[in-house]
Every structure is written in C-alpha cells, then in structure tokens.
Amino acid sequence: MPGEKKLRWLLVGAGDIAAKRVAPALALSGEIAAVCDVALGRAEQAAGLFGIQEIYDDLDAALDATSAEVVYLATPVHLHAKQAARVLESGRHVLVEKPLGINAADALRAVEAARSRDLRAGCAYFRRCSPRYLHAKRAIETGELGKIILIRMTYRSWFNPSPDDPKYWRVVPSRSGGGVLADMGSHMFDVLIGLFGMPARVFAKTRTLVQPYEAEDSAAVFMELPGGTPVVGGFLWNSRTWTHEFEIVGTGAAVKWLPYDTGKVIKTAGRETEELDLPGAENVHLPLVEDFARAVRSGRDPIAPLAEALKTNVLLDAVYESSRREKEIGL
C-alpha cells in the first residue's frame with residue numbers, strides 16, 4: 001500500500017529459484033538489503049543485478065551484521081528447518097522455500113521455533129495465493145461442485161541433471177528429502193491439504209525405474225480423505241512427455257486445472273463445459289511475498305504458516321513409508 005514502510009529482506013541462497021522468481025518478487029514488494037550464499041560469486045552476482053549492498057557467504061555472520069528484518073531462505077531442503085530456526089532465534093521473520101524439511105521430524109524443529117516466538121514464519125507454497133486455488137476453495141465451501149467424489153493429480157516430465165549441475169541436489173534424498181514427490185508432489189499435496197485437509201489413509205509405490213540417481217523418478221499414490229473420497233496421483237521424472245494437472249470431481253460439477261498453473265480452468269456440469277479465465281501472477285512468488293509482508297505488518301499468520309507446511313511433510317513421510325512397507329498407512 002502507498003506510504004507503507006518497505007520491508008528489508010535478507011535473501012539466503014542465490015541459486016536458480018532465487019534468480020528467476022524470488023529475488024524479483026522481493027525487490028518488487030520491498031527492498032533486498034542483503035544476500036548470502038555459500039558460493040560468494042553467486043551472492044556477488046545477485047548483488048550486482050539487484051543493487052544489494054550487503055554481501056555474505058555465511059548465515060551466522062549475515063544474521064549478526066545485517067540491517068534486514070525479514071529473511072527468505074532459498075537453500076537446499078536439508079538446510080530449511082535448521083536455518084529457519086536460526087533466523088527466528090535472531091529475532092527475524094522468515095519465509096522458507098518448500099518443502100519445510102527433509103521429513104516431518106526435521107520440519108518440526110522450525111515449527112517449534114516459530115511457536116515460541118511472536119514472529120511471522122511461513123513456507124513458500126505459493127499456489128495458495130493462486131486465483132484457481134481460491135476459486136476451487138470457494139466452490140467446495142459453497143457446495144457448487146456437490147459432494148466431492150474424486151481428486152486426481154498428475155505430473156510427468158524428464159529430469160536427469162548431471163552430477164555437476166547446480167540442481168543435482170534435488171535428486172539426492174539426503175539433501176532434498178526425496179525425488180519427484182518431494183520436489184513437485186509437495187506442491188500438489190499442499191494444495192490437496194489446503195482444500196480438503198489431511199488424508200486419512202495412503203497407499204503408495206515409489207520406484208526409480210529409468211534415471212541413474214537414488215531418488216524416486218516414479219510414484220503412484222492412492223489416498224482416502226476422512227469422508228471416504230479417493231485421491232489418486234501419478235508423478236514421473238522419467239517421461240519425455242509433459243503434463244501437470246489437478247482435477248476435482250463432484251456429484252454436480254468438476255473443475256480441472258490443465259495445465260496446473262496456466263491456461264483456463266475447465267469446469268464441467270452435466271455435458272456442458274465452461275472455460276474460466278483465472279490467470280495467475282506473472283511471477284508466481286510475488287503474491288506470496290506480498291501476503292507475507294502484510295502478515296508481518298499486521299501481526300497475522302501468513303497464508304502458508306510453518307505449522308500448515310509441516311502437514312505436507314507428514315504426508316510425504318506416510319507415502320514413503322507405505323512404499324517401503326508395501327502396506328496402507330493411516331494418518
């Protein structure tokens with residue numbers, strides 16, 4: 001809003017996601033006062049692009065010296081919870097990339113740190129700010145779709161980074177928490193949880209069928225919501241075809257996001273279809289960052305607080321456990 005004091009951000013992690021979307025969003029909504037990256041050259045490059053004055057290659061040193069009051073963590077997943085707790089201990093608000101931790105126990109560390117402090121702490125599940133998410137939520141709450149009888153999620157692409165690729169950590173489970181499920185599935189699971197709450201049961205098969213890395217490149221997941229509604233999902237990093245879609249089927253109508261983030265939402269009622277134009281922001285991180293800034297100013301929770309982000313890690317843990325044990329897992 002005009003006249004509001006701009007938040008001063010410390011950006012931690014100057015890799016791909018930060019350069020493409022996070023840093024531009026922070027710069028538009030506030031001011032990037034400082035940047036920190038273990039690779040000093042990356043930090044210096046980001047500083048040059050965005051006019052950042054403070055440059056660090058160590059988080060503790062940055063927190064000790066920076067003038068920033070809010071921190072964005074755009075680091076690999078295994079660092080998220082530990083770094084978030086450290087930021088909160090320094091007395092600063094924190095917004096963390098997803099997923100919150102490599103597993104639920106790891107993520108809980110950050111949640112507990114946030115609970116004990118009067119600070120805003122959120123996770124970057126930016127699709128909760130999407131017009132199509134908000135439309136679906138209203139349609140469910142008003143009963144427009146009728147009784148929900150099926151939710152379907154599909155994602156497939158080809159992802160095989162070389163070991164010297166900066167993105168390779170995403171296929172190393174000790175650093176990422178998993179493969180296609182932790183990376184792309186976590187966003188879709190967060191949407192599911194935001195719209196319907198936690199599933200009651202899950203049965204899954206995760207496999208590495210094609211790619212040469214340890215993380216799963218393939219997952220088939222069946223879940224059941226507390227009222228009995230089935231949820232089916234398929235996630236692939238081993239197909240040179242691409243799709244990304246989410247469908248909610250009710251007794252009265254259905255809505256489909258295909259593609260998941262772009263294009264028109266397809267609503268079906270009876271045999272009639274309608275295309276709904278619900279475009280998202282050009283920079284999908286910007287509404288999330290703006291919501292977080294409003295949360296800091298007003299003292300309310302952000303749209304995706306850490307306690308809510310923890311639920312996705314709990315669900316991911318159940319999916320992986322189901323696959324390991326080859327049995328249905330209750331949540």
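Okay, let's start with a pair of side chains: Glu308 and Arg128 meet in a salt bridge, 3.2 Å from N to O. By salt bridge I mean a side-chain nitrogen of Lys or Arg within 4 Å of a carboxyl oxygen of Asp or Glu. Glu308 sits in helix 10 (residues 306-325), while Arg128 is in the loop between strand 6 (121-123) and helix 6 (131-142), so this pair ties together parts that are 180 residues apart in sequence. When I say helix or strand, I mean DSSP runs numbered from the N terminus (helices are H or I with at least four residues, strands are E with at least two).

Before I go on, a word on what we're looking at. This is a predicted model, where local features need pLDDT of at least 70 and side-chain atom pairs count only at pLDDT 80 or more, while totals for chains, interfaces and linings use all residues. Residues are numbered from 1 along each chain as its sequence is written, and side-chain values use heavy atoms, with hydrogens and water left out.

Back to our pair: are they buried or exposed? Glu308 counts as buried at 18% relative accessibility, and Arg128 is buried too, at 6%. Buried means under 20% relative accessible area, exposed means over 50%, and partly exposed is in between (1.4 Å probe, protein chains only). The pair also belongs to a network of salt bridges linking Arg128, Asp190, Glu308 and Lys311.

How many salt bridges are there in the whole structure? The search finds 23. One of them joins Arg8 and Glu54, with the closest N and O atoms 4.0 Å apart. That one links distant parts of the chain, with Arg8 in strand 1 (residues 8-12) and Glu54 in strand 3 (residues 54-56), 46 residues apart. Arg8 is partly exposed at 24%, whereas Glu54 is buried at 15%.

An α-helix has 3.6 residues a turn, so residues three or four places apart point the same way. Lys20 is exposed at 54%, and Asp16 is partly exposed at 37%.

Next, helix 9 (residues 285-298). Its 14 residues reach 20 Å from first C-alpha to last, close to the 20 Å expected at 1.5 Å a residue; that expected span is 1.5 Å times one less than the number of residues. Its buried residues include Leu286, Leu288, Val289 and Phe292. What do the buried residues of helix 9 pack against? They pack against strand 1, helix 1, strand 4 (70-73), strand 5 (93-96) and strand 6, where contact means heavy atoms within 4.5 Å. Just after the helix, Gly299 takes a positive phi of about 85°.

Two strands pair if DSSP finds at least two bridges between them. Strand 12 (residues 254-257) and strand 13 (residues 265-269), for instance, pair in the antiparallel sense over four bridges, and Ala254 has Thr268 in strand 13 as its bridge partner.
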